[in-house]
Amino acid sequence: MNKLAIIIFLFVSTISFGQRNQDWEKINTLKVAFITEKLSLSSKEAQEFWPVYNEYQEKRNALRKKSYHQIKNKIKDADSLSEKESEKLLALHMQIEEEEEVLDNDFLNKVSKVISAKKTLLLLRSEEEFKRQLMKQYRQNKGGK
């Protein structure tokens, strides 16, 4: 187990998921450290990479919030929606999915000009690894309480 995995374990072990904003800030800090370690970014690469990555994350989060507020809340009451309302909601869902795909592709194009294609692939893998480790620790902590 590498140092970062231990740090993530210790962090997740101490998280109280009731403090949402603080927790997300801590998680993002760990994610930055995790990605930085996995990609072995030079200082020049880091200077160019992080603004592109942070902008992408902000836009991605905005789309997720939009999806949650405009779709997910209403899906809970899907039984009471008319067919017309359901069609509008489904169209909005598909539109947001398309926006996410465009955002993802745009990000991959931008970031692969800042870091190599190989490091871009390592980034994708690292993000998934980070999510898996975080979820694993969360499940272990939830089961232990």
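The structure holds 1 cavity of 30 Å³ or more, where a cavity is a set of points on a 1 Å grid over the protein atoms alone at which a 1.4 Å probe fits but cannot get out. This is a predicted model, in which local features need pLDDT of at least 70 and side-chain atom pairs count only at pLDDT 80 or more, while totals for chains, interfaces and linings use all residues. Residues are numbered from 1 along each chain as its sequence is written, and side-chain values use heavy atoms, with hydrogens and water left out.

The largest cavity is lined by V52, E55, Y56, K59, L103, D106, F107 and K110, lining residues being those with an atom within 4 Å of a point. Helix 3 and helix 4 (83-114) each supply at least two residues of this lining; helices are DSSP runs of H or I with at least four residues, numbered from the N terminus.

A pocket, by contrast, is an open set with protein on both sides within 12 Å along at least five of seven lines. Of the 32 residues that line the largest pocket, W24, N28, Q57, N61 and R64 are the closest to its centre. Helix 2, helix 3, helix 4 and helix 5 (117-144) each supply at least two residues of the pocket lining, and helix 3 gives the most, with 12 residues.

The table sets out the volumes, each being the space filled by probe spheres set on grid points joined across faces, edges and corners, and the lining classes, in which Ala, Val, Leu, Ile, Met, Phe, Trp, Tyr, Cys and Pro count as nonpolar, Asp, Glu, Lys and Arg as charged, and the others, Gly among them, as polar.

| Space | Volume | Lining residues by class |
|---|---|---|
| Largest cavity | about 60 Å³ | 4 nonpolar, no polar, 4 charged |
| Largest pocket | about 1,200 Å³ | 16 nonpolar, 6 polar, 10 charged |

The largest nonpolar core has 19 residues, and those with the most contacts inside it are I35, L39, F49, Y53, F107, I115 and L123; such a core is a set of buried Ala, Val, Leu, Ile, Met, Phe, Trp, Tyr and Cys residues joined through side-chain atoms within 4.5 Å, buried meaning under 20% relative accessible area with a 1.4 Å probe, protein chains only. Helix 2, helix 3 and helix 4 are the elements that give two or more residues to this core. Apart from it lies another core of 5 residues, including I27, L30, F130 and L134.

S40 lies in the loop between helix 2 (20-39) and helix 3 (43-75), and has a positive phi of about 50 degrees although it is not a glycine. With a relative accessibility of 52%, S40 counts as exposed, the cut-off for which is over 50%.
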